[in-house]
Amino acid sequence: MHLKRLSKNDITPGEPIQWDVFDKKGKLLINMGYIIEAERQLDFLISRGVFREDTAAQASAPKYAAESPFRLILSAEEHMARLFGEMDAVKNLDVVLTACGMLQKACGMDTDAALATIFIGKENKYSITHPIYTALFCEVISRAMGWPEGRRLPLLAAALTMNIAIISLQDELYDQQAQLSDEQKGLINSHPEMGAAMLRSRGVTDRDWLDGVLYHHESIDGAGYPDGLKGDDIPLLPRIISIGDFYCARISGRKYRSALNADRTMKEIYLKCNNRVGEKLAHLTVKNMGIYPPGSFVKLINNEIAIVARRGESAHSPVVHSIVRPNGERFPAPVRRDCSRKEFAIMENIHKADISMEIDRKSLWGFD
């Protein structure tokens with residue numbers, strides 16, 4: 001974010017402020033539209049040093065491919081697509097670690113922008129996008145847990161390769177409406193062991209990476225597979241992958257099962273995943289992803305449709321920008337709304353399938 005310092009001439013007492021106002025570190029202090037009534041209050045504000053976004057500087061600043069979280073994530077997808085398309089010829093999996101580094105860098109640059117990709121990412125094969133989105137989820141949750149980068153790396157690698165043994169089956173099942181065949185059930189039940197064996201055959205020796213693939217379908221209540229492990233016998237790393245796998249699958253849907261909105265998915269995690277991954281991890285997911293995650297769409301109480309740009313301090317007050325007017329017309333540019341105000345309160349989630357428009361990522365996150 002490029003910031004421009006405000007002077008006393010930029011704000012008129014008794015009139016709405018024309019910009020969001022930040023401190024020098026970029027922390028939001030005052031929402032656009034707020035009215036400063038007293039001259040003394042304005043003097044104090046200016047004396048402490050306040051800033052607004054310098055949109056001119058931001059627009060002129062070069063955004064190279066390596067500087068955009070969206071392009072980094074797309075590049076990671078391309079790396080994994082090439083890997084999965086040439087598995088028979090692959091002798092080592094260094095490309096997976098390269099993709100992990102791209103995803104970690106994307107989240108480091110702008111976590112909210114990276115998370116938004118889960119909802120507004122370009123269409124690709126499910127076998128490609130699902131592990132990418134699961135890995136992004138895992139990066140965010142493990143960062144929140146305080147894991148250092150080196151410990152997060154095998155977590156992401158395992159998330160990217162959790163279904164490496166059933167790549168073609170993943171895409172087949174995404175479009176399938178009929179019940180699973182016995183052969184398909186056998187492949188699904190055995191894919192964790194087969195996947196770990198494939199990794200070992202290609203030189204993977206990292207225990208966390210292998211365990212992440214082998215145990216990502218285990219459940220602490222003992223109902224998982226392949227070994228039916230219970231409780232603390234299941235390492236934490238595959239449990240993180242398990243809940244990320246669940247989350248990303250629910251919001252993507254299938255031909256035979258409609259995708260769920262973010263709030264419904266969180267309710268399922270809260271109600272169902274306690275027995276699967278443990279109460280602490282389920283609650284951490286709800287806290288860090290929120291019921292209105294970046295990239296999701298919402299309807300405001302004034303009937304505008306908005307997109308969530310950033311997680312807010314309150315679960316019910318994320319940073320949103322309206323993109324569609326109450327009459328159905330599109331705004332020329334996204335308009336920021338303060339959801340803590342009654343007239344802009346969020347009324348409900350809207351599924352991404354109901355939004356047929358291109359999203360201006362640069363105006364929302366500052367990146368192409």
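Trainee: Is Glu 343 buried, partly exposed or exposed?
Mentor: First, a word on the source: this is a predicted model, where local features need pLDDT of at least 70, side-chain atom pairs count only at pLDDT 80 or more, and totals for chains, interfaces and linings use all residues. Residues are numbered from 1 along each chain as its sequence is written, and side-chain values use heavy atoms, leaving out hydrogens and water. Buried means under 20% relative accessible area, exposed over 50%, and partly exposed in between (1.4 Å probe, protein chains only). Glu 343 has a relative accessible area of 36%, so Glu 343 is partly exposed.

Trainee: Which side chain does Glu 343 meet in a salt bridge?
Mentor: A salt bridge is a side-chain nitrogen of Lys or Arg within 4 Å of a carboxyl oxygen of Asp or Glu. Here N and O are 2.6 Å apart, and the partner of Glu 343 is Arg 341.

Trainee: Why are Arg 207 and Asp 211 separated by about one helical turn?
Mentor: Helices (H or I, at least four residues) and strands (E, at least two) are DSSP runs, numbered from the N terminus. An α-helix has 3.6 residues a turn, so residues three or four places apart point the same way. Arg 207 and Asp 211 form a salt bridge, with the closest N and O atoms 3.0 Å apart. They are about one turn apart because their spacing in helix α10 is four residues.

Trainee: How many of the eight residues of α10 are buried?
Mentor: Asp 211 is one of the buried ones, at 13% relative accessibility, while Arg 207 is partly exposed at 47%. Helix α10, residues 207-214, is mostly covered, and its buried residues number six.

Trainee: What is the bridge partner of Val 298 in β6?
Mentor: Strands β5 (residues 297-300) and β6 (residues 305-310) run antiparallel and are joined by three bridges. In β6, Val 298 is partnered by Ala 306.

Definitions and conventions
Two strands pair if DSSP finds at least two bridges between them.
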